[in-house]
Amino acid sequence: MFGNKKTEEEKAAAKHLGRVRVAAAAAGVTVIGSKFHQAGQQSIPVEGSRVTIELGETARKRITATRVALTGIFALWLKKDESKLYITIEHPDGVILYPVAAKKEDKARVFATLVNGEATGITTANE
């Protein structure tokens, strides 16, 4: 009668975004509207993003392009906390890095799977 009716695709997309928001909150990631937010970093859209997860011990062993992009040349001197898990969200519009407690690993995996649309492993020192 009045207003816009959502298509089935729009309904499915809204439902998926709701699930991503819940999983993101549980993993320590902030989603406002349809964008990921982190203080001091540019917000990036949920749609089209890719999530990777690294344990602190692995992340410490290499300097990622993400760290260089976020901190510049200072990435060479930064050390990562080995009791943390690092969730990196990449999108053509930017990159956001979330350090979270390692005990949230299971929640981070669920979050990454929802965003990526597939099961996501965690990079370990053995790989």
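Predicted model: local features only at pLDDT ≥ 70, side-chain atom pairs only at ≥ 80, totals over all residues.
Residues are numbered from 1 along each chain as its sequence is written, and side-chain values use heavy atoms, without hydrogens and water. Local features need pLDDT of at least 70 and side-chain atom pairs pLDDT 80 or more, while totals for chains, interfaces and linings use all residues.

His91 belongs to strand β5 (residues 84-91); strands (E, at least two residues) and helices (H or I, at least four) are DSSP runs numbered from the N terminus. His91 counts as buried because its relative accessibility is 16%, where buried means under 20% relative accessible area, exposed over 50% and partly exposed in between (1.4 Å probe, protein chains only). Beyond its neighbours within four places in sequence, His91 is in contact with Ile44, Pro45, Glu47, Gly48 and Ser49, contact meaning heavy atoms within 4.5 Å.

In helix α1 (residues 8-27), the buried residues are Leu17, Val20, Ala23, Ala24 and Ala27. They cover an arc of only 130 degrees around the axis, so they lie on the same side of α1; the arc is that of the directions from the helix axis to the C-beta atoms. The elements covering these buried residues include β1 (30-32), β5, β6 (94-101) and α4 (105-116). Exposed residues Glu8, Lys15, Val22 and Ala25 are on the face of α1 turned away from its buried side. Just after α1, Gly28 has a positive phi of about 95 degrees.
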